[in-house]
Amino acid sequence: MEPRFRETAFIKGVAQVAQLPLDEGIEIAFAGRSNAGKSSALNSLCGRKALARVGRTPGRTQEINLFALPPAEDWRLVDLPGYGYAKVSAGQREHWDQLLGDYLQARRCLRGLVLIMDIRRPLTELDRQLLDWVPLDRCHLHCVLTKADKLSRQQADRQLHGAQRELEAMGVEATLQTFSSLKNQGVEDLRGLLADWLNAPA
Ligand SMILES: Nc1nc2c(ncn2[C@@H]2O[C@H](COP(=O)(O)OP(=O)(O)OP(=O)(O)O)[C@@H](O)[C@H]2O)c(=O)[nH]1
Ligand SMILES: [Mg+2]
């Protein structure tokens with residue numbers, strides 16, 4: 001089945017894993033540092049201007065937001081809360097970490113994680129911590145280096161290869177690509193990859 005990204009529709013936002021829909025079907029989650037460009041990437045992927053909120057204030061996406069992806073009844077895209085925003089209380093941060101960790105470790109229908117990173121600083125300490133939570137034995141990982149429009153083609157390629165080498169050194173198996181929501185670059189590659197994940201046998 002071909003996913004119809006343009007028809008993606010918001011289901012709900014949850015602040016607790018207990019409020020998630022039944023753990024069935026297939027979910028593809030998007031994670032990344034606050035302000036990395038996660039919501040923008042989701043909007044580009046779905047060819048929509050305002051599916052996911054793009055905040056000028058970092059840390060806006062505070063809940064797990066779920067979206068239905070047709071034509072399957074039970075395919076979902078999941079916008080996870082951004083991490084690493086400094087100006088929040090310790091309690092709030094703890095809540096987000098907990099929510100993120102619980103989701104990643106407990107969710108059986110999680111088929112793949114798309115890690116959105118600013119191409120100028122991929123694989124920060126917090127990204128590495130997140131990778132520790134991802135059950136890589138049963139979940140694909142794809143790294144999207146976004147805001148590529150901020151760099152020359154040559155610089156972007158250098159960043160991509162650097163990140164690739166770092167992941168290899170960490171023993172983490174992942175695919176990578178450059179991306180720009182602003183220029184709509186890499187969108188078709190991302191759509192193709194997610195379609196493969198959705199259609200692969202579990
Ligand atoms: N130049 C450029 N700017 C981008 C790109 N993607 C996002 N931005 C900008 O980066 C800022 C953050 O984008 P968001 O998509 O809201 O980031 P986010 O990761 O969802 O942030 P939180 O929800 O706060 O965690 C916004 O000002 C966007 O306009 C891109 O590809 N190129
Ligand atoms: Mg966001």
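**Entry 1: helix α4**

I began with α4, where I found Ala156, Gln159, Ala163 and Leu167 buried. Looking down the axis of α4, I see its buried residues fall within an arc of 70°, so they line one face of the helix. A reminder to myself: this is a predicted model.

Next I turned to the other side of α4, and there Gln154, His161, Arg165, Glu168 and Ala169 are exposed. What covers the buried residues of α4? I found that the cover includes β6 (140-146) and β7 (175-178).

I also checked the length. Helix α4 runs over residues 153-170, which makes 18 residues. From first C-alpha to last it reaches 26 Å, close to the 26 Å expected at 1.5 Å a residue. Just after α4 comes Gly171, and I noted its positive phi of about 75°.

**Entry 2: the sheet**

I then traced the strands. Seven of them form an open sheet, and I wrote down the order as β1-β3-β4-β2-β5-β6-β7, with mixed pairing. Which strands stand at the edges? They are β1 (9-14) and β7, each with a single partner strand, so one side of each is left without a neighbour in the sheet. The twist from one strand to the next averages 20°.

Strand β2 (residues 26-32) and strand β5 (residues 110-118) pair in the parallel sense, over six bridges. Within this pair I looked up Ala29, and its bridge partner in β5 is Leu113.

My next stop was the peptide bond between Pro70 and Pro71, which is cis, with omega at about 10°. Pro71 sits in the loop between β3 (64-68) and β4 (75-79).

I went on to positive phi values in residues other than glycine. Lys147 has a phi near 65°, and I located Lys147 in the loop between β6 and α4. Asn184 has a phi near 55°, also positive, and lies in the loop between β7 and α5 (187-199).

Is Lys147 buried or exposed? I counted 22 other C-beta atoms within 10 Å of Lys147; the cut-off for buried is 20 or more, so Lys147 is buried. For Asn184 the count is 12 other C-beta atoms within 10 Å. Exposed means 12 or fewer, so Asn184 is exposed.

Notes:
Residues numbered from 1 in each chain as written. Chains lettered and ligands numbered in written order. Predicted model: local features only at pLDDT ≥ 70, side-chain atom pairs only at ≥ 80, totals over all residues. Helix = DSSP H or I, 4+ residues; strand = E, 2+ residues; numbered from the N terminus. Expected span 1.5 Å × (residues − 1). Arc of directions from axis to C-beta. Contact = placed C-beta atoms within 7 Å. Pairing = 2+ DSSP bridges. Axes fitted to C-alpha atoms, helices over the stretch in contact; angles between N-to-C directions.
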